[in-house]
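Here's a quick briefing on charged side chains and where they pair up. Have a look at the model first, then read on.

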Amino acid sequence: MANTYDFGLVGLGVMGRNFILNVADNGFTAFGNDLDEEKVNALIEEGGDSNKVNASTDAKTFVNALSTPRKIMLLVPAGKIVDVVIESLLPMLHEGDIIIDGGNSFFTDTDRRESYLKKKGINFFGAGVSGGAKGARKGPSIMPGGSREAYQHVKPIFEAVSAKYNGEPCVTYLGPKSAGNYVKMVHNGIEYGLMQLTSEIYDLLKKAGGLNNQELHQTFAEWNEGRLQSFLVEITSEILAQKDELTDGDLVDMILDKAKQKGTGKWTSQNAMDLGIPVPTIDIAVSMREISALKEERIKADKLYDRPSPETVVKGSLVAKAEKALYFAFIMAYAQGMHQLADASKEYGYELELAEIAKIWRAGCIIRARLLADITDAFKADKELPNLLLSQAFVDKVQSTVDETRELVAYGATNGIPLPGLSNSLTYFDAYTSSKLPLNLIQGQRDYFGSHTYERTDREGVFHTEWEA
């Protein structure tokens with residue numbers, strides 16, 4: 001068995017087991033490792049009688065089974081456990097071997113690990129994997145970053161197991177250091193935004209239009225056949241059709257309205273603030289999950305304050321406007337995320353190709369959508385495009401949907417239906433496309449109380465005024 005397996009994977013939970021079986025399905029031999037004997041046995045059993053898949057609880061047996069340079073992927077929870085696993089493997093590894101972190105590690109941790117392992121002659125990758133358990137089994141979108149040379153050893157395997165869009169693999173080398181983990185982080189931030197927007201439109205259609213779950217299911221299913229075609233719209237339709245096994249009702253009505261999070265959306269928001277890049281749709285998506293967690297307080301507050309009764313809107317008219325508003329807001333979420341990636345690439349030396357990123361998101365991942373084909377084309381046409389809203393190809397898409405977005409945001413405000421994601425998307429658009437904002441007053445205030453100075457519209461230079469109290 002020694003030195004015969006092409007690929008190794010540590011962490012045989014659902015994601016890890018599915019990924020390693022995917023590797024085996026695509027013509028490569030794979031060896032798994034986990035401390036849990038039940039998980040090891042489950043993989044061996046699912047792998048069948050073939051010699052393509054094997055596993056062990058013993059790390060030495062695992063490492064010795066791999067051909068060189070060893071290609072070892074970790075699919076374990078982000079944080080200290082990644083470092084623990086790395087340290088346990090190090091004494092058995094040789095110069096040139098490759099460790100791939102496939103979890104959602106914070107990008108600075110990836111930089112630290114890469115620098116540490118480089119000194120020991122070990123190549124380290126941060127490779128974001130998106131698509132959930134099903135994607136891991138059938139074809140995820142993979143976002144690797146690290147040594148370009150070392151990636152060549154991993155490339156055939158990753159291209160084989162990844163999702164395909166018109167025959168093209170949804171994986172590509174993204175850049176040095178933590179480029180892969182950073183792109184996956186922003187991917188997840190966009191995901192937060194899209195999920196929040198979808199939930200708001202669902203709420204609006206239900207409260208303002210009176211659509212029942214079957215009608216909502218049908219609406220989202222129809223949208224998924226058009227320009228809103230995406231994984232999240234598709235599964236929204238399916239969720240709305242799911243019956244509850246414990247009651248006679250629909251499952252969606254029995255799910256508690258407390259959304260949890262693992263932190264990647266928050267990281268996106270925090271880092272965007274560090275970079276000075278506005279991502280308000282993502283910011284509010286994170287905040288809404290935090291507000292949702294305050295369930296007991298929300299119940300008490302609901303009893304203290306009056307709320308207007310929503311005026312009923314004609315269903316057909318509302319559905320048409322909601323489709324346009326959701327499309328508009330989806331564009332804003334992607335625009336904000338791509339803007340952050342463009343700036344981060346310069347700040348951290350990632351050398352990201354935004355067209356390539358949009359390209360590998362077209363299939364396999366959670367934020368896959370028809371819209372990404374247009375985004376790919378926009379960044380192919382202009383590699384230096386700072387923001388999607390500056391692409392002529394998107395002007396008509398936005399211009400033809402913004403009026404309906406304004407109507408629905410105004411309706412939500414008047415009728416007490418919270419639409420923060422939609423509202424923030426609209427505000428972002430209005431601010432970004434305004435040649436003049438009232439921030440001149442803020443600069444005057446800053447100079448008044450802190451002598452922070454200001455610039456002028458009529459001449460170059462920096463100025464300060466001795467303001468009179």
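Is Lys 295 buried, partly exposed or exposed? Lys 295 turns out to be partly exposed, with a relative accessible area of 23%. Keep in mind that this is a predicted model.

**The Lys 295 pair**
- Lys 295 has Asp 257 as a salt-bridge partner, with 2.6 Å between the closest N and O atoms.
- This pair links distant parts of the chain, 38 residues apart: Lys 295 sits in helix H14 (residues 295–304), while Asp 257 is in the loop between helix H11 (251–254) and helix H12 (264–275).
- Asp 257 is partly exposed too, at 38% relative accessible area.

**Helix H5 and its partners**
- Arg 112 and Asp 83 join their side chains in a salt bridge, at 3.3 Å from N to O.
- Arg 112 belongs to helix H5 (residues 107–118) and Asp 83 to helix H4 (residues 80–89), so their contact ties together parts 29 residues apart in sequence.
- Arg 112 is partly exposed at 41% relative accessible area, and Asp 83 is partly exposed at 22%.
- Arg 113 makes a salt bridge with Asp 101, and their closest N and O atoms are 3.9 Å apart.
- Asp 101 is buried, with a relative accessible area of 0%, and Arg 113 is buried at 2%.

**The network**
- Salt bridges link Asp 83, Asp 101, Asp 109, Arg 112 and Arg 113 into a network.

Conventions. Residues numbered from 1 in each chain as written. Predicted model: local features only at pLDDT ≥ 70, side-chain atom pairs only at ≥ 80, totals over all residues. Heavy atoms only, no water. Salt bridge = Lys/Arg side-chain N within 4 Å of Asp/Glu carboxyl O. Helix = DSSP H or I, 4+ residues; strand = E, 2+ residues; numbered from the N terminus. Buried < 20%, exposed > 50% of the residue type's maximum accessible area, 1.4 Å probe, protein only.
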